[in-house]
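Here's a quick tour for someone meeting this fold for the first time. Take a look at the picture, then we'll walk through how its pieces sit together.

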Amino acid sequence: MRTALITGATSGFGAAASRAFVAAGWRVIGTGRRAERLDALKAELGDDKFHPSVFDIRDEAARDAALDSLPEAFRGIDLLVNNAGLALGTEKAQDASLDKWRVMIDTNVTALVSITHKLLPLLIERKGAIINLSSVAATYPYLGANVYGGTKAFVHQFSLSLRSDLAGTGVRVTSIEPGMAETEFTLVRTGSQEASDTLYGGADPMTAEDIAGTILWVAQLPPHLNINTMEMMPVNQSFAGFAVHRAG
């Protein structure tokens, strides 16, 4: 039985992926800060299939302590799903909070790099895989994306660079880059349920289950196949148009 470590498993893509992987016969280590949500997943999925690992992904000491205390059955990690991440604020760069920028960089970039580095020796030993959650914001700029888009562009390029470095090890690396998907993402970003409902209303967005199914499909491909990058959007979303400011 293979084991996946999925960061940010308390909601959205991470929670849906945890359910999908367990249903497909995997063991899952789910990480996150909200113990009550991880405990609920454990009760739902079974303590022999899902292990809750409670820590803030930015706290390396807490992460290391949690990983060092994994039950024996969950120690052989075959897949790292770097899902934990967030966007904060929609302001233009000149109006944005530097503190929010730092939180996004610390979470989306620094913590992702750190846990990847921590698990690389084990993943190489087991010829495992890494699936990183980037975003269409890595490619297509939009008003207010600034640092969030920059962090996701880093994830895209880091994934490609990992592929280059890991060639010959058997480790697969994929960057999955979703567009509009209705989760808690916009609620966290704006603090407003109304803003979330307005953004997704009538758009028929992707769901967490759509993304989870894609993550599982990539993970279960034959070991000689690698999906480098996968960009996904709902049919009703397309590429942003050019913005033109006119004087006068």
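This is a predicted model: local features need pLDDT of at least 70, side-chain atom pairs count only at pLDDT 80 or more; totals for chains, interfaces and linings use all residues.

Who does the touching here? On the α4 side, the residues in the contact are W101, M104, I105, N108, V109, L112, V113, T116, L120 and I124. On the α5 side, they meet N146, V147, Y148, T151, K152, F154, V155, F158, L162 and L166. Sorted by class, the contact of α4 with α5 has 15 nonpolar, four polar and one charged residues.

| Helix pair | Angle | Axis distance |
|---|---|---|
| α3 and α4 | about 35° | 11 Å |
| α1 and α2 | about 20° | 11 Å |

Helix α3 is made of residues 60-68, and α3 passes α4 in a right-handed crossing. From α3 come E60, R63, D64, L67 and D68, while α4 brings S114, I115, K118 and L119. The contact of α3 with α4 splits into three nonpolar, one polar and five charged residues.

Then there's helix α1, residues 12-23, packing with α2. The angle of about 20° between α1 and α2 makes them roughly parallel. Their crossing is right-handed. In this contact, A15, S18, R19 and V22 of α1 meet L41, E44 and L45 of α2. By class, that gives four nonpolar, one polar and two charged residues.

Now for the sheet. In what order do its seven strands line up? Reading across, the order is β3-β2-β1-β4-β5-β6-β9; the sheet is open and the pairing is parallel. At the edges you'll find β3 (50-54) and β9 (229-232), and each has a single partner strand, so one side of each is left without a neighbour in the sheet. On average, neighbouring strands of this sheet are turned by 15° against each other, direction ignored.

Another is helix α8 (residues 208-219), which touches β4, β5, β6 and β9. The direction of α8 makes about 160° with that of β6.

Last stop: salt bridges. How many does the structure hold? The count is nine. One of the salt bridges joins R34 and E184, with the closest N and O atoms 3.7 Å apart. This pair links distant parts of the chain, since R34 and E184 are 150 residues apart. R34 sits in the loop between β2 (27-32) and α2 (35-45), and E184 is found in the loop between β7 (181-182) and α6 (185-190).

Methods. Residues are numbered from 1 along each chain as its sequence is written. Side-chain values use heavy atoms; hydrogens and water are left out. Contact means heavy atoms within 4.5 Å. Helices (H or I, at least four residues) and strands (E, at least two) are DSSP runs, numbered from the N terminus. Ala, Val, Leu, Ile, Met, Phe, Trp, Tyr, Cys and Pro count as nonpolar, Asp, Glu, Lys and Arg as charged, and the others, Gly among them, as polar. Two strands pair if DSSP finds at least two bridges between them. Axes are lines fitted to C-alpha atoms, for helices over the stretch in contact, and angles run from 0 to 180 degrees between N-to-C directions. A salt bridge is a side-chain nitrogen of Lys or Arg within 4 Å of a carboxyl oxygen of Asp or Glu. A crossing is left-handed if the near helix is turned anticlockwise from the far one by less than a right angle, and right-handed if clockwise. Angles under 35 degrees count as roughly parallel, over 145 as roughly antiparallel, 65 to 115 as roughly perpendicular and the rest as oblique.
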